[in-house]
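Biologist: I am new to this one. Could you walk me through how to read it?

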Amino acid sequence: MFRLTSDFKPTGDQPQAMENLTKGVQKGLKDQVLLGVTGSGKTFTMANVIQNLGMPTLIISHNKTLAGQLYQEMRDFFPDNAVCYFVSYYDYYQPEAYIPQTDTYIEKEAEINELIDKLRLQTTANILTRHDVIVIASVSCIYNIGSPSEYGKFTLKLSVGESADWTSMSKRLVELLYERSEFEFQRGTFRVRGNYLDIYPAYEDFGYRIDSKGKRIAKITKFEPLTGREISSDMPALLLYPAKHYLMEREVFLKVEDKIRADLSDEYKALKQTGNMVEAERLLRRVNYDLEMIKEVGYVNGIENYSRYFDGRKPGDPPYTLLDYFKIAYHGRFLVFVDESHMTVPQLRGMHRGDHARKKTLVEFGFRLKAAFDNRPLTFDEFYAIPPYFIYVSATPDEWEMHRGPVTEQFLRPTGIIDPRILIRPAKNEIEDLIGEISSRVARSEKILVTTLTKKTAEDLTDYLRDRNFRCAYLHSDIKTLERSDVLDNLRKNEYDVLIGVNLLREGLDLPEVSLVAILDADREGFLRSKTSLIQTMGRAARNIKGAIIIYADHTTGSIKGAVTEIERRRNYQVKYNKKHRIQPQTIQKPIREKIIEKEAGDILDIEKKGRRWDENHLSKIHINSLTGYDRKKLIKRLEREMRDQAENLNFELAIKIRDKVRELKQL
């Protein structure tokens, strides 16, 4: 089912780890731990276990940057299988909230990343149609996305020879939340062109053209939406899934409307009886408005707070999440890796409590019905009960994981690299000392990571170093999801020398070019400077034979002592192995992988809008016979403007080629 493709061969203690974990699952062990040091090839071990077991797999990471890196690695290991990426699709998210102390109501505000939304939809479509699925997800996978059973019912199957009734097809596509768009052909839209209908699935990178002859479907063609180039024309049938995860039919709403109004009446009376007249009137107005909006347009901001009614769940029932898709599609037989478990498990534990506290205030002050409590992430116990097999992966697993099941250790690095040497220096004048260290390493074309305590410090230090002509960037949670991986790639591509961050420069980042990790304010005891955090941060320099750590601290804390002791223990372990097997340490050589999503060229008609310039490659992608008359006229105007711009910039050769393309288009 899974075919692992790699130039690597299991070495050191990897074979033993792979065998132990595989046998543990086969014996029915629910919990296992893989304790592997940084650079020991934990991801490669995970990939081999997946291949050995042949089971659909969910890998959960605690942050999107690490999830993106895991996705890139697994995609390379399994090029012939369905490797999926499922993280929160918000570039910006401000949840609905109320602050009683200042009487401040904060409305929900969000900016959705359409490319990540596409990958999420692609994930659920793959789970429902394939067995060879590996999903790399953030902790957002425990949030409500609607019932997989209902999602699976919302499909449209088109087959050659069936009736070609564009009206009924269009109605069904609208029910699946596709939009009709005659001019802007983008994901989640369809258009009708005489004797054919084009559909651009929300979860695919290509479109489908349904050709009719008489009143029957004559041909189904897969094509590139950008160019119109035909990819395949021998498709006997097409199965389409919805354009969104959460669907609600009007009939469903009509069935539950009375129940919502009954709950509204009960909660309204309860607020009045306790003397909360303002809150009672607020709740009455809010819910009545929401219900009228849902009835008229099928949507209202905050509709997810009524999801319990639409899903048919009882109060307190767990929501439907990505894990339910795995459970239903694979009949409960799948594997879950919890990567960097020392961070991921606490996040999974805390998400429900934080969500409930925010909703409690909204309910008490009349902004939401109590049903809002059921639009929530899973509790940890609910989450833990669903998967049959867990493997917790970390270089520093917590006590909770260590006591769950057998621990498999993976301490040896195939490259023989020894843990970096550690230098402790006073925090006084730390910036000037750091600049000297950066300068010496930049001269040797080596890269540097600097970790600070706050985002503001990271940004200020970045500006300070840029003023001194260092090529640097900062990395923190305000940077958009997909751009974080780009920043890391740009460091490897030699566009930057220094990367500065807070909490994103810890677990899992795989940057072999980094020879120095500098930890500022290391003596500030706390979450970011705990023993575990320090060990994880130090591990970023464990992929380069010149790796070194500089800890800036005015006094040595217990966490610093513990981290240094543990790193020394691991150094000695690797040194003994190297001597015994006569291994000469070597810096890891790792290719720069393809981006999670290549920035799309987009519609050929929309290049300037996306900040791109025309070139010969764009011209070659234009298949003029595939364009509609409207699109041709629109393209001619764009090309004529570009032709003049190229001529003004003295790019006469390209201007002539654009002129020829314009003439070709005008002849049609």
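Predicted model: local features only at pLDDT ≥ 70, side-chain atom pairs only at ≥ 80, totals over all residues.

Biologist: How many helices and strands does the protein have?

Modeller: Helices (H or I, at least four residues) and strands (E, at least two) are DSSP runs, numbered from the N terminus. Here there are 21 helices and 25 strands.

Biologist: At what angle do α1 and α2 pack?

Modeller: Axes are lines fitted to C-alpha atoms, for helices over the stretch in contact, and angles run from 0 to 180 degrees between N-to-C directions. Helix α1 (residues 14–26) packs against helix α2 (residues 42–53) at about 40 degrees, with the axes 9 Å apart. Angles under 35 degrees count as roughly parallel, over 145 as roughly antiparallel, 65 to 115 as roughly perpendicular and the rest as oblique, so α1 and α2 are oblique to each other.

Biologist: And which residues touch the most others in the largest nonpolar core?

Modeller: Such a core joins buried (under 20% relative accessible area, 1.4 Å probe, protein chains only) Ala, Val, Leu, Ile, Met, Phe, Trp, Tyr and Cys residues through side-chain atoms within 4.5 Å. The largest has 60 residues, and those touching the most other members are L58, V135, Y178, I199, I210, L322 and F383. Helix α10 (residues 322–329) gives this core its largest share, four residues. A second, separate core has 34 residues, including F2 and V25.

Methods. Residues numbered from 1 in each chain as written. Heavy atoms only, no water. Buried < 20%, exposed > 50% of the residue type's maximum accessible area, 1.4 Å probe, protein only.
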